[in-house]
Amino acid sequence: MADNLKINQAQQTQGENLGEFGREHNEKLQNLSRSMLAGLYMLVRSVKMYDPENAVFEKPLHQLQDIINQIIGKEGRLELTGVKDSFYLNGMLVKVDLNSIENQRYLLSELRAKDVGGITLTKPVTVQELKNFIWIFSKEQSATSEEDGLQGRKLLNMRVAKFSKLREKLNKDMDAPGDQKVDRKKYAMTVYARAVFFLQKYLESVRAGKPIGSSRALRLVQDFVDISYDQRTHFLGMTTQKREEDYLVYHQVNVALMCIVFGAELGLTKPQLRDLGYIALFHDAGMTTLPEELATKRGALTADEKTAVARAPLISVRNILMEKGFSRSTLLRVVTTFEHKTDYGTAVRDARGNIQMIIPKTNLGVYAKIIAICDAYDALTSRRPYRDAYGPEVALMLMWTEMRQKFDPELLSVFMRVMAIQPIKVLSRRQQQLSVSGL
């Protein structure tokens, strides 16, 4: 299982519960925690440009002091710890929205570069002590901090947890003889079921015209990434679990999973896989607003029906834009949601109608290309009211022949390998030659 899960379980065993296994969610503490992290981020970033004695730090330091002392007054202590890609405050996972993820990654990176794993306070903090702490990250500072701060800038009520010691302790906890082994397959099934349940509720809210916040799914997507990154086969078998009456729910979860597994094969990083999986999880949400008779109609669609179907991606984008905040991540979600419906190129056919070559039409993003392939594959291998499901080999053959202009041919070849189906099994000699040439 992924490192996040191992760490959570190791600390649960010793009563140092974190995240889902630790103390329950407290909204007021969550808001204070997010404000504290935002303040730390701004100060650590600014100290790369300005001396901590600069007047520009005065207001932010007083604001951070007020937040920290509110937490101590409420909790009696403050223990902030960075574990993997997340922060925990007094044993509670601090949940940040999508717009703040990059800031959190930056802050974690800067802390660890100075061997800082977290901070602990049991008494109110002063502005001067916070300033001494910020000095640790200044551009002139090359030394790492001790638990009581830097030489000549000691910390009185604050203690610095060394990241190297924290990491060593967690690794030792995970290797402890009494540590119970997790049934990874069973946990993967649990995460998959949670995702299906969430998507059911989300699509219900979309149909009602009041979509719930999609950021709640970030933890699920991160679990998908953590589990499948090391054991990719855990999830691939689950994408065959479908119910015809809940097609759109299972379809979106399955596409998200396949995108993560496929993206890992392509060499994407864990943060990139999380972004890709998160976008894919909602890529077809607008389709839930179509009438049931249109979604399951046999035969060709009328002009008006085609217009209604073409409008579905706009609804998906509208839901994204209705969420709080607008960032680079939001823009990426909007663009990818549109682009994955765009054909990769234009097919050039011979007199018999056979595709001779594909001329790329536009420079699509890699996320859109990946989602397009996974989306088509899951749709073809799913049973629908108007047809039976195609087998994997037949689906891939159709994607390579009849639908080839829709996909990046190089990525499609890799996808065949990921699905353990070699192109030679489904392609004619002529098609194999085209595959090698990349046309």
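Contact here means that heavy atoms of two residues lie within 4.5 Å.

**Figure 1. Overview of the predicted model and its contacts.** The model shown in every view is predicted. Among contacts in the protein between residues at least 6 apart in sequence, 70% join residues at least 24 apart. The secondary structure comes to 19 helices and 9 strands, and of the 439 residues of the protein, 50% count as buried. The accessible surface of the protein comes to about 21300 Å², and 51% of that surface belongs to carbon and sulfur atoms.

**Figure 2. Close-up of the open sheet of five strands.** This sheet is built from 5 strands in the order β3-β2-β1-β4-β7, with antiparallel pairing. Its edge strands are β3 and β7 (158–162), each of which pairs on one side only. As a general point, strands of a sheet pair through backbone hydrogen bonds, and they may do so in either the parallel or the antiparallel sense.

Figure 3. Phe87, which has its place in strand β2, counts as buried because its relative accessibility is 1%, and the cut-off for buried is under 20%. Leaving aside residues up to four places away in sequence, Phe87 touches a set of residues that includes Leu37, Leu80, Thr81 and Gly82, and also Met92, Leu93 and Val94. Further residues touched by Phe87 include Gln104, Leu107, Leu108 and Leu111. The C-alpha atoms of Phe87 and Gly118 are separated by 8.8 Å, although these residues are 31 residues apart along the chain.

Figure 4. How many disulfides does the structure hold? The structure holds 0 disulfides. Cys259 is in no disulfide, and the nearest cysteine sulfur, that of Cys374, is 3.8 Å away. Seen from the other residue, Cys374 is in no disulfide either, and the cysteine sulfur nearest to Cys374 is that of Cys259. The two sulfur atoms, 3.8 Å apart, do not count as a disulfide because the cut-off is within 2.5 Å. Cys259 is buried, with a relative accessible area of 0%, and Cys374 is buried with a relative accessible area of 0% as well.

**Figure 5. Close-up of the aromatic pair of Phe262 and Phe415.** A search of the whole structure finds 9 aromatic pairs. A pair of aromatic rings is described by the distance of the centres and the angle of the planes. The rings of Phe262 and Phe415 have centres 5.2 Å apart and planes at 65°, so this pair is edge-to-face. The pair links distant parts of the chain, since Phe262 lies in helix α10 (residues 247–265) and Phe415 in helix α17 (residues 409–418), 153 residues apart. Are these two residues buried or exposed? Both Phe262 and Phe415 are buried.

Figure 6. Tyr278 and Phe282 form an edge-to-face aromatic pair, with 5.6 Å from centre to centre and 75° between the planes. Tyr278 is buried, with a relative accessible area of 2%, and Phe282 counts as buried at 6% relative accessibility. Together with Phe198 and Tyr202, the residues Tyr278 and Phe282 form one aromatic cluster. In the separate panel, the charged end of Arg153 sits over the ring of Trp135, 3.8 Å from the centre of that ring.

Notes
Residues are numbered from 1 along each chain as its sequence is written. This is a predicted model: local features need pLDDT of at least 70, side-chain atom pairs count only at pLDDT 80 or more; totals for chains, interfaces and linings use all residues. Side-chain values use heavy atoms; hydrogens and water are left out. Buried means under 20% relative accessible area, exposed over 50%, partly exposed in between (1.4 Å probe, protein chains only). Rings of Phe, Tyr and Trp (its six-membered ring) pair if their centres lie within 6.5 Å; planes under 30 degrees apart count as stacked, over 60 as edge-to-face and the rest as tilted. Helices (H or I, at least four residues) and strands (E, at least two) are DSSP runs, numbered from the N terminus. A charge sits over a ring if NZ of Lys or CZ of Arg is within 6 Å of the ring centre and within 35 degrees of the ring normal. Accessible areas come from the Shrake-Rupley method with a 1.4 Å probe; for residues, only the protein chains shown count as cover. Two strands pair if DSSP finds at least two bridges between them.
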